[in-house]
Amino acid sequence: MLNTLIVGASGYAGVELATFLNRHPHINITALAVSAQSPDAGKRLSDLHPQLKGVVDLPLQPLSSAAEWADKVDVVFLATAHEVSHDLAPEFLKAGCVVFDLSGAFRVNDAEFYTRFYGFTHQHGDWLDKAVYGLAEYQHDNIQQAQLVAVPGCYPTAAQLALKPLVDAGLLNDAQWPVINATSGVSGAGRKANVGTSFCEVSLQPYGLFNHRHHPEIVAHLGTPVIFTPHLGSFPRGILATITCRLKAGVSREDIAAVFHRAYDNKPLVRFYDQGVPALKAVVGLPYCDIGFETQGEHLIVVAAEDNLLKGAASQAVQCLNIRFGFPEIAVTDLTDK
């Protein structure tokens with residue numbers, strides 16, 4: 001059994017992690033933690049999230065430093081703000097823990113990226129060099145050897161899973177950048193109260209035009225420029241990404257379908273549609289990314305749908321855990337896994 005700590009367990013992604021890991025046959029949840037200043041400290045997780053009553057009744061321990069738990073656990077999940085992960089991860093890593101970080105603190109191996117898009121100077125370039133980007137379908141071998149896995153952002157997961165097979169196969173016309181229009185539910189903004197992301201205040205609108213921090217993350221790992229426009233939707237959870245591309249001359253619908261089948265037929269948490277495109281209702285509450293497409297001449301529209309808290313965060317983190325420790329990749333994340 002792997003003794004495991006979840007830091008930031010009271011947040012939306014944290015509670016999903018606790019739910020998955022509580023069912024995992026090889027995981028013992030040693031403790032759930034929140035920052036020492038959190039108003040949730042000392043409460044039970046099930047008091048905040050009643051669906052877990054009688055299931056996960058552990059208290060939320062106030063965490064002042066990594067040293068409190070580093071020698072007691074094998075695995076740490078950080079469902080924390082990027083600046084918190086930036087400070088905590090190296091301490092747990094120094095103690096020999098394997099760390100799965102759901103923040104953006106180690107996703108891009110470029111210190112300038114953090115100065116420009118996250119507003120702080122990154123102090124741990126050595127761990128930036130060693131961190132493995134946890135896009136599970138494409139980083140399997142690297143994840144197996146990693147001590148630090150930087151779980152991708154929710155928008156970048158959907159965008160890359162939709163585009164990477166096409167980019168890798170050279171099917172897209174480089175003269176036209178893919179245009180990604182993606183809409184997320186308000187849970188992507190986290191659990192902390194904020195008028196701008198309050199459900200009653202939100203109206204469908206774009207934000208972060210040309211300066212959203214997920215834009216350079218997508219470009220860095222996809223290896224090609226894109227236009228990315230995120231939108232905030234007045235619904236709780238899920239991401240729908242509609243991506244417009246131009247194909248190279250002579251690329252057929254059959255070529256595109258064949259590329260997606262090669263990429264994902266043996267990847268149980270990506271579901272490809274031969275006909276039609278996915279809707280959010282197909283994935284909300286589920287650990288999958290669903291992908292479909294349509295073409296007209298040289299124009300291609302790809303649609304990807306995922307639950308931002310699951311495939312975009314918690315279930316992908318658990319998928320990376322399973323890969324890292326040699327467990328079945330879909331253990332406790334897939335409905336077909338019994």
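Mentor: The bend at a residue is the angle between axes fitted to the seven residues ending there and the seven starting there. This is a predicted model, in which local features need pLDDT of at least 70, side-chain atom pairs count only at pLDDT 80 or more, and totals for chains, interfaces and linings use all residues. Residues are numbered from 1 along each chain as its sequence is written, and side-chain values use heavy atoms, with hydrogens and water left out.

Trainee: Where is the kink in H7 centred?

Mentor: The kink is centred on Gln 160 and comes to about 35°. Helices (H or I, at least four residues) and strands (E, at least two) are DSSP runs, numbered from the N terminus.

Trainee: What span is expected of H7, and what does the helix reach?

Mentor: The expected span of a helix is 1.5 Å times one less than its number of residues. H7, residues 154–168, has 15 residues and reaches 21 Å from its first C-alpha to its last, close to the 21 Å expected. After H7 comes Gly 170, with a positive phi near 70°.

Trainee: What makes H7 mostly covered?

Mentor: Buried means under 20% relative accessible area, exposed over 50%, and partly exposed in between (1.4 Å probe, protein chains only). In H7, 13 of the 15 residues are buried.

Trainee: Why is Cys 154 called buried?

Mentor: Its relative accessible area is 12%, which is under 20%, so Cys 154 is buried.

Trainee: Why is Phe 210 called exposed?

Mentor: Phe 210 has a relative accessible area of 63%, which is over 50%, so it counts as exposed. Phe 210 is found in the loop between strand S9 (205–206) and helix H8 (214–222). Its phi is positive, about 65°, although Phe 210 is not a glycine.

Trainee: Which residues touch the most other members of the largest nonpolar core?

Mentor: Leu 17, Leu 32 and Phe 77, in a core of 40 residues. A nonpolar core is a set of buried Ala, Val, Leu, Ile, Met, Phe, Trp, Tyr and Cys residues joined through side-chain atoms within 4.5 Å. Among the elements that each supply at least two residues of this core are strand S1 (2–7) and helix H10 (314–325). A second, separate core has 38 residues, including Tyr 155 and Ile 291.
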